[in-house]
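Welcome! Take a moment to look over the structure below, and then we can walk through some of its features together.

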Amino acid sequence: MNITLSITKNIHNWLFSIMPEGVASITEMVLIAVVYLAIFAVAGLYLVLLERKVAAWFQLRIGPNRVGWWGLLQTMADALKLVSKELTGTVKADKFLYNLAPYFVIVSALMALAVFPFTQEFQAFDINIGILFLIAISSIGVIGILLGGWSSNNKFALIGAMRSGVQTISYELSVGLSLLTMILITGSLQLSEIVEVQKNGWLIVQGHIPAVIAFMIYMIAGTAETNRAPFDLVEAESELGAGFHTEYSGMKFAYFFLAEFINMFIIAAIATTVFFGAWLSPFGITESIPLLGVVWFLGKTLIIVFLMMWFRWTFPRLRIDQLLTLEWKYLLPLNLLNLVLMALIVWLNLTIQF
Amino acid sequence: MDTNIATSNLKSEDYFINMGPQHPATHGVLRLLLTIDGEIIKKVEPDLGYIHRSIEKMCERDSYQQIVHLTDRMDYLSSHINNEAVCLTVENALQLEIPERVKVIRTIIGELTRIASHTLWWGVMGMDVGALTTYFYGFRDRELINDIFEETCGARLTMNYNIPGGLMFDIHPNFVKRTKEFIAHFKTKLPEYDRLLTGNVIFQKRMKGVGILTKEDAISFGASGPVGRGSGYSCDVRKHHPYSALDKVTFKEVLRTEGDSLARYEVRIQEMWESMSIIEQLIDNIPEGDVQVATNAVIKLPKGEFYQKVETARGELGVYVISTGTKNPYRLKFRSPGFSNLSLLNHIAVGGKIGDLVASMATLDIVVPDIDR
């Protein structure tokens, strides 16, 4: 029996014993939300630090190393600075939408975290349409970017926002279709069941060729979804200054910034769940200790996060028309073909199962 | 009929943006007035003057020794070559016999300056197309050159090593050794540039066929340097009008005929190889001798007009002096390469995307203080 899960169970039982059922479940939801919020706000900050360290490593630098040991408190200090900064804005901005935009982005990013199976029973919200929920939620973020760019009354921000709209709408198709390819094997959208299926081998192994193609497409489209280089046209500092968040400062800017990193984590976590067996260890070597599942999950996720950082620090940026050409002329047809191929493989029972 | 009314009621305006004067892509205080249609550039109008310091007017006030110091602040990435241009003008006007040692040292440092300028350009070029890592690679190698300069003349950027009549002082004893070390180092690092950026498929797509400048246009816009040579216009001053020790070395004038951004990029990468070869030919046999010839404390040029052109890292820099026989020039005009090269920005950027504009502008390698003197 592991300790963490029994603690949550104890709290659950205790809550339901002292309160009526309705109040207890609402209290429990709020508690879980607060815990998730706290964990991922900090995790987001450490992803920023990781990115800065990785960037430094690529760029022959040391990176942050002054605040705390190995710069561990640097991003905390940055966050404190951002909290204390003045919130500026343009005079003719659409104030309501301008203030609303960052929350759209950060809330949608945090909401998606609820469904991830970090380990066997460590999943806040196991719904039967898990994957669909993830795709739906992650596309809400773009509304925030569009609103932010449009309402801040800045021409550069507007161009950035429009690019973002075009980009996200296009690449969502590929993200959805590549995940759909994998759903053909699992036969379920529920994340816990997707993990269950992978006890016979990770899906990227089970689905071999089409699964690898789907993973590649997913990584390209996923990187584009998070607006990171080489698809960072939304910000494109050499073209648009800071893009859609040019006019944001202080904590509102920090929300956009944090959301980018949490989104990156989400894209990597989806890839881990759908392609690499989530919390499952290779060949079930640590199956007897479920708590280690968290380590496996985070380990796999961080490797994919590192891959995305690797993209960012070595590739130049695409141009907007090349971005759209890549999606509509190459990825989408390839994806559809891949879907048919996967369907054939599943139909003919050609999947590899251990 | 109805459609006519509808269209006449709609007010349409060009989407106009100010790129700069504070904008990361303009490399300084240059303002571009952009008229765009969505992402497509309809018109680019560079607006200059934000960093104008009246250098030409100040030259009319100063003596010839003082003018040399002002030229550092024009194209600060080729400061040594700018100094050399003024010194050569004065020396030619006075018909001074310059020691061979001075000529060779000037050429070596000039070529080192060119490499330093091109490495910085390469780093910034990568950054403009979104590959931030190149910046640090470029600076890593440039720092080594700056260290050599610092040891020899005490300054890393605005060097002031030349004076009319020679050099301010002799080279540092370590100069030859460190320059050789740098060449050996850079020969292993320059292929790294190609591996990191040139061969990248995204980069190739961004550069190939973008910002095309034909040879005829290059000539009529007065393009020079790598911009002209990228279009097949043979305009290397070092080749056609060799100065200092450049007539003693063999090197290839790098020419590309495509005229697109990639051609301009490749010309600069190749030029770094050529510059290294020039330095290698000279570094082992720097002649012994004086490092300056005596000039009068107050230099007075004979009455007349004098012109000298040199090849800076950006192209042809001309110095045109009208002297009335006094200690300062009546009029001094610099023909700066950046100004002519910038003038063709509208020509090559119209019809492209915003990203193309930034990439093409990066291949023009503008230094704003050179344009606004």
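## A sheet in chain B

In this predicted model, chain B holds an open sheet of 3 strands, arranged in the order S6-S7-S8 with antiparallel pairing. Strand S6 (304-311) and strand S8 (331-335) of chain B are the edge strands, each pairing on one side only. On average, and with direction ignored, neighbouring strands of this sheet are turned by 10 degrees against each other.

Let's zoom in on one pairing. Strand S7 (residues 316-323) of chain B joins S8(B) in the antiparallel sense over 5 bridges. B:Gly318, for example, has B:Arg335 in S8(B) as its bridge partner.

## Where the chains meet

How many residues of chain B are in contact with chain A? There are 25 of them, and they touch 24 residues of chain A. On the chain B side, helix H5 (100-128), helix H6 (133-153), helix H8 (201-207) and helix H15 (354-364) each supply at least two of the residues that touch chain A.

## The build of chain A

Now turn to chain A, where you will find 14 helices and 0 strands. Its radius of gyration is 21 Å, close to the 20 Å that the globule rule gives for 354 residues, so chain A is as compact as a globular protein of that length. Along the principal axes, the C-alpha atoms of chain A fill a box of roughly 60 × 55 × 45 Å.

Buried residues account for 44% of the 354 residues in chain A. If you take the contacts in chain A between residues at least 6 apart in sequence, 79% of them join residues at least 24 apart.

## The largest nonpolar core

Which residues touch the most other members of the largest nonpolar core? Among its 195 residues, they are A:Val105, A:Met182, A:Phe265, A:Ile266, A:Ala268, A:Ala271 and A:Phe275. Helix H12 (residues 250-275) of chain A gives this core its largest share, 19 residues.

Leaving aside its neighbours within four places in sequence, A:Phe265 is in contact with A:Ala43, A:Leu47, A:Thr301 and A:Val305.

Conventions
Residues numbered from 1 in each chain as written. Chains lettered and ligands numbered in written order. Predicted model: local features only at pLDDT ≥ 70, side-chain atom pairs only at ≥ 80, totals over all residues. Contact = placed C-beta atoms within 7 Å. Helix = DSSP H or I, 4+ residues; strand = E, 2+ residues; numbered from the N terminus. Core = buried A, V, L, I, M, F, W, Y, C linked by C-beta atoms within 7 Å. Buried ≥ 20, exposed ≤ 12 C-beta atoms within 10 Å, placed from the backbone. Rg over C-alpha atoms; globule rule 2.2 N^0.38 Å. Pairing = 2+ DSSP bridges. Axes fitted to C-alpha atoms, helices over the stretch in contact; angles between N-to-C directions.
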